[in-house]
Amino acid sequence: LKEKVQRVTGVDAAAQILTSSVSRVHLCDELSLSEQDVMDRDKLEMAIDQPNPLLAGILEKLDAVRSTINELASQLEAGDRVHEEMFTRTLEALDAISLDGLSEKERGEVR
């Protein structure tokens with residue numbers, strides 16, 4: 001069904017969330033509609049699962065902090081002296097990342 005909807009609407013099948021208007025339950029991709037108790041005249045509702053642009057920006061910031069931490073760790077392993085202020089700044093940058101505008105699922109992904 002999702003592949004048919006994709007051909008008609010152009011919405012990627014992986015981004016589609018189909019729900020029965022009667023049971024209000026998300027429909028499973030692996031089972032047929034009849035196996036999920038969807039009757040002939042039941043309406044199906046489709047929502048589109050789009051990635052949150054805020055999440056992408058936050059993940060980029062986390063990657064930058066991660067690379068800074070890895071760089072500092074490699075300097076320490078090499079025996080170089082690293083001023084503790086560098087660690088403080090890195091942790092402050094991590095602490096300054098705002099999670100406002102994210103769903104609980106997205107917040108869990110960031111954590």
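Modeller: Let us begin with accessibility: buried means under 20% relative accessible area, exposed means over 50%, and partly exposed lies in between, with a 1.4 Å probe and protein chains only. The model is predicted, so local features need pLDDT of at least 70 and side-chain atom pairs count only at pLDDT 80 or more, while totals for chains, interfaces and linings use all residues. Residues are numbered from 1 along each chain as its sequence is written, and side-chain values use heavy atoms, leaving out hydrogens and water.

Biologist: Why is L33 called partly exposed?

Modeller: L33 has a relative accessible area of 33%. L33 lies in the loop between strand 1 (16-20) and strand 2 (44-48); helices (H or I, at least four residues) and strands (E, at least two) are DSSP runs numbered from the N terminus.

Biologist: What makes the nonpolar surface patch?

Modeller: L1, L33 and L44 make a nonpolar surface patch of about 230 Å². Patches are made of residues with over 30% relative accessible area and no salt bridge; like charges are joined within 9 Å, and nonpolar side chains (Val, Leu, Ile, Met, Phe, Trp, Tyr) within 5 Å. The areas come from the Shrake-Rupley method with a 1.4 Å probe, and for residues only the protein chains shown count as cover.

Biologist: How do you know that D63 forms a salt bridge with R66?

Modeller: A salt bridge is a side-chain nitrogen of Lys or Arg within 4 Å of a carboxyl oxygen of Asp or Glu. The closest N and O atoms of D63 and R66 are 2.6 Å apart, so the pair meets that limit. Both residues lie in helix 2 (residues 53-77), three residues apart, about one turn of the helix. D63, at 44% relative accessibility, counts as partly exposed, and R66, at 48%, is also partly exposed.

Biologist: How many salt bridges does a search of the whole structure find?

Modeller: The search finds two. R89 forms a salt bridge with E85, with the closest N and O atoms 3.5 Å apart. R89 and E85 are four residues apart in helix 3 (residues 84-95), and so are separated by about one helical turn. An α-helix has 3.6 residues a turn, so residues three or four places apart point the same way.

Biologist: Why does R89 count as exposed?

Modeller: R89 has 52% relative accessibility, and exposed requires over 50%, so R89 counts as exposed. E85, at 34%, is partly exposed.

Biologist: What makes T90 buried?

Modeller: T90, which is in helix 3, has a relative accessible area of 8%. That value is under 20%, and therefore T90 is buried. Not counting residues up to four places away in sequence, T90 touches V65, T68, I69 and L72, where contact means heavy atoms within 4.5 Å.

Biologist: Which residues of helix 2 are buried, and what covers them?

Modeller: L55, I58, L62, V65 and L72 are buried in helix 2. Their cover includes helix 3 and helix 4 (104-110).

Biologist: How do you know that the span of helix 2 is close to the expected one?

Modeller: The expected span is 1.5 Å times one less than the number of residues. Helix 2 has 25 residues and reaches 36 Å from its first C-alpha to its last, close to the 36 Å expected. Helix 2 is followed by G79, whose phi is positive, near 90 degrees.
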